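Morning, everyone. Today I want to walk you through the sheets in one model. Have a look at the screen first.

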There are 2 protein chains.
Amino acid sequence: MGISKRIVDEIVKIVGPDGVITDEVELSVYEADGSLVYTARPDVVVFPRSTEEVARVVRLAWENRIPIVARGSGTSLSGGALPLEGGIVISLARMNRVLELDLENETATVEAGVINQWVTDALMGLSYQYPIDLGYYFPADPGSQRVSTIGGNIAHNAGGVKCFKYGVTVNNVRGLRVVLPNGEVKFFGGKVVESPGYDLVGIVTGSEGTMAIVTEALLRIVSNYESVKTILAAFNSIEDAGAAVSRIINLGIRPVALEFMDKLAINAVESGPWAGGLPRDAEAILLIDVEGSEAGASAEANKVVEALKASGAYMVRMAKDRAEANRWWGARKQAFGSMGFVGPNYITGDGTIPRKKLPEALRRIREIGAKYGFRIANVFHAGDGNLHPLILYDERRPGEKERALQAEEEILRMCVEIGGTITGEHGVGYLKRSLITLIYTDYELNIMRRIKGVFDPLGIMNPGKIFPG
Amino acid sequence: MGISKRIVDEIVKIVGPDGVITDEVELSVYEADGSLVYTARPDVVVFPRSTEEVARVVRLAWENRIPIVARGSGTSLSGGALPLEGGIVISLARMNRVLELDLENETATVEAGVINQWVTDALMGLSYQYPIDLGYYFPADPGSQRVSTIGGNIAHNAGGVKCFKYGVTVNNVRGLRVVLPNGEVKFFGGKVVESPGYDLVGIVTGSEGTMAIVTEALLRIVSNYESVKTILAAFNSIEDAGAAVSRIINLGIRPVALEFMDKLAINAVESGPWAGGLPRDAEAILLIDVEGSEAGASAEANKVVEALKASGAYMVRMAKDRAEANRWWGARKQAFGSMGFVGPNYITGDGTIPRKKLPEALRRIREIGAKYGFRIANVFHAGDGNLHPLILYDERRPGEKERALQAEEEILRMCVEIGGTITGEHGVGYLKRSLITLIYTDYELNIMRRIKGVFDPLGIMNPGKIFPG
């Protein structure tokens, strides 16, 4: 073990004996994250209950130059939560309280360990602490929202199905309580939208735990629209579905969500317990939400329906009620988790492309799949052009995992080639750090490294991430 | 003159003799900006025609440690364009081309000297270079959009009447071409929404020329909605108008714009050539846009009308056509420039408050006005809570200007006290740099200073701005 007994004793003094894991077997639970490709074992995992406790642990690490990695639900798909150099993993799991819902200012204050969905649950009166439906929701809703934490969403600047209208995480965060690497606690931002001087909330958001530990977030919430209409369309060709996306964008209305799934993704989810009645025979589906007043949403939904039919959809349906819409969206959001029904292992790819290059990107992914001999399912957020190719492989066959990773890299290089980038929301982390040179020059990376240095001069915050080794 | 003849000759070599001003009389034009309170004369003003020319001038300044201030239209209200230490003013006035309109990616690429309104003009087919109406517009629309430049909007992260729905400038900028202080040219960001690593576009936006010179911007554009409805409501009391703002926000629809003007502001604009038919007898008006499909916008407008009536509006009108709506909005956008019709001099205050504290803020502004003996008009963007108190004074009376500045400071302290901040969109610049300590600790300011140092280690970029002296 790389950390002395004295340090562990100090940590126990801060968080209590039930807040520390040092047992080798128990530590092994924390040696991996959702990326499932590499492992790295921490020396100790700590479960603080307050910002104050986080600050004291960080201060101890600072004084002893021990690496720190913050961890939410551990669902990072880029190795973001891997403690590459050992040291202390600070789990935010116990900091899971919704602290304040402020309708006057349209904000919610939550601890970083709160699951994304819980924020909306509290606003909808679905939590025991907040039993009244306030008519608001939190609009940054990644597909993983039932499991990923707000802290993790902020670390990776996650997208979401509603980002078509509401933007990505950074557009929905107004303030952050952070523990800086020396253990000082600061609050950046505030309840009002405007923030003079440099945008510290913006620079910390998306920095993947390399600058500071976020312990609380002040989130923007939005009021429910009177009506939401959900539309499902099925296509016999991917090209037609791609053309429909363009056509809808050019309608002069802006859907709140516009999502694409291909046949393999549909069949994966329809094979499991989250089956939502999606058409298994479709080559591709689009799932679309529009919102507004009852009359407004109806009118816009009708326009979308017409555009879908004009683009060659062989089936277009409007959800008859929220229950049906929730089944469709539930299926969409469980697409990743359902891949196990169609193959033993998979890699969740994450790239971004110019929205209208979807057909070209899917064609090239098919070619890459054929070249390596892998089936690849695809899910796409039209809002931010974020494409998730799900590469099916079999770990039991020697060398197959490595080839699947190669296929993923080839897909990401293709994304850059057609004008996109190497991640949409899962971060650069450890897995993609060598690819970041595809999109940034040394000069830009040096600026970023030096900005990191402003916050973290000793380099103890999540070392080995983002920047090429 | 603080710059040697050799340097001037070098600059002339870069931009040609017609691109340089060194004559004392001509320089005096550039010794002030829209803040009209302080003056500072540059040693030389340069008018480059390209990023390359900007870069060569900046390189020269870097090698000789000469201060540089970028200048757009010079409409800064915080002294942002004042060359406090002399040196080189780089005017972006000649870099005024719309370079590309890309509907596929919903972006426009423009030079930094382009006037904000020109971007939308080009998209609407109103420019000779782009004569076809493309059905798009640029949604970040500060009140000054007919005169301020995109570069200036980015420097100050300007708000706008549409920021209720579309956010402030930073939410509508996807990429920036920047000249760094050493003369290197870089492009941050890109056409896709997602950007891995640290958010360099975000940190440069709002940095008020203290990090780099923006020479080109890649802007987000949005498609026109089928229909926009404009509603004008008049109130006998400011409190009722404030309550109406809250009521509309809680309707479950989101107007694209929601603006407030008080009686003095109304009467100023109605006294001049931009009179738009606003009711002079009203204590306050609200001007509201909703957009959507024809049916949707109508339905939402009707809801807004009902809410306005329920809040005690004595007059509510829907614009009968775009011409009438444009007259109303034209009057609103000329409110600042019309203050000269009701008093000899005025200060354009700029603070931000929690949106729903509008009645309290206005009451306290009235008290501050009474205390100092000034009339104060008020314009308010409900979208970002940005309040503009326009303080009328008479410069010819000794000491009155100083007392008007004191009144402004008192108003800004009140904004901070009720949970707001010291600027909405006009920046900290020179005039408010001593007030920035009201909202940031030394620690935060030090982080910001060190981030500035990453970009500008020699401190030549817009010295004396943002940070307290």
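Let's start with a term. Two strands count as paired if DSSP finds at least two bridges between them. Keep in mind that this model is predicted.

Now take chain A. Strand S2, residues 44-46, runs parallel to strand S4, residues 88-91, and three bridges join them. Within this part, which residue of S4(A) does Val46(A) face? Val46(A) stands opposite Ile90(A).

Step back to the whole sheet. Chain A has four strands in an open sheet, and the order is S1-S2-S4-S3. The pairing is mixed.

Helix H3 of chain A, residues 51-64, lies across S2, S3 and S4 of that chain. Its direction is at about 170° to S4(A).

On to chain B. Five strands make an open sheet here, in the order S5-S6-S10-S8-S9. This pairing is antiparallel. At the edges are strand S5 (98-102) and strand S9 (185-189) of chain B. Each has a single partner strand, so one side of each lacks a neighbour in the sheet. From one strand to the next, the twist averages 15°.

Zoom in on one pair. Strand S8 of chain B, residues 173-179, and strand S10 of chain B, residues 213-220, pair antiparallel over six bridges. Gly175(B) stands opposite Leu218(B) of S10(B).

That's my tour. Thanks.

Methods. Residues numbered from 1 in each chain as written. Chains lettered and ligands numbered in written order. Predicted model: local features only at pLDDT ≥ 70, side-chain atom pairs only at ≥ 80, totals over all residues. Heavy atoms only, no water. Helix = DSSP H or I, 4+ residues; strand = E, 2+ residues; numbered from the N terminus. Contact = heavy atoms within 4.5 Å. Axes fitted to C-alpha atoms, helices over the stretch in contact; angles between N-to-C directions.
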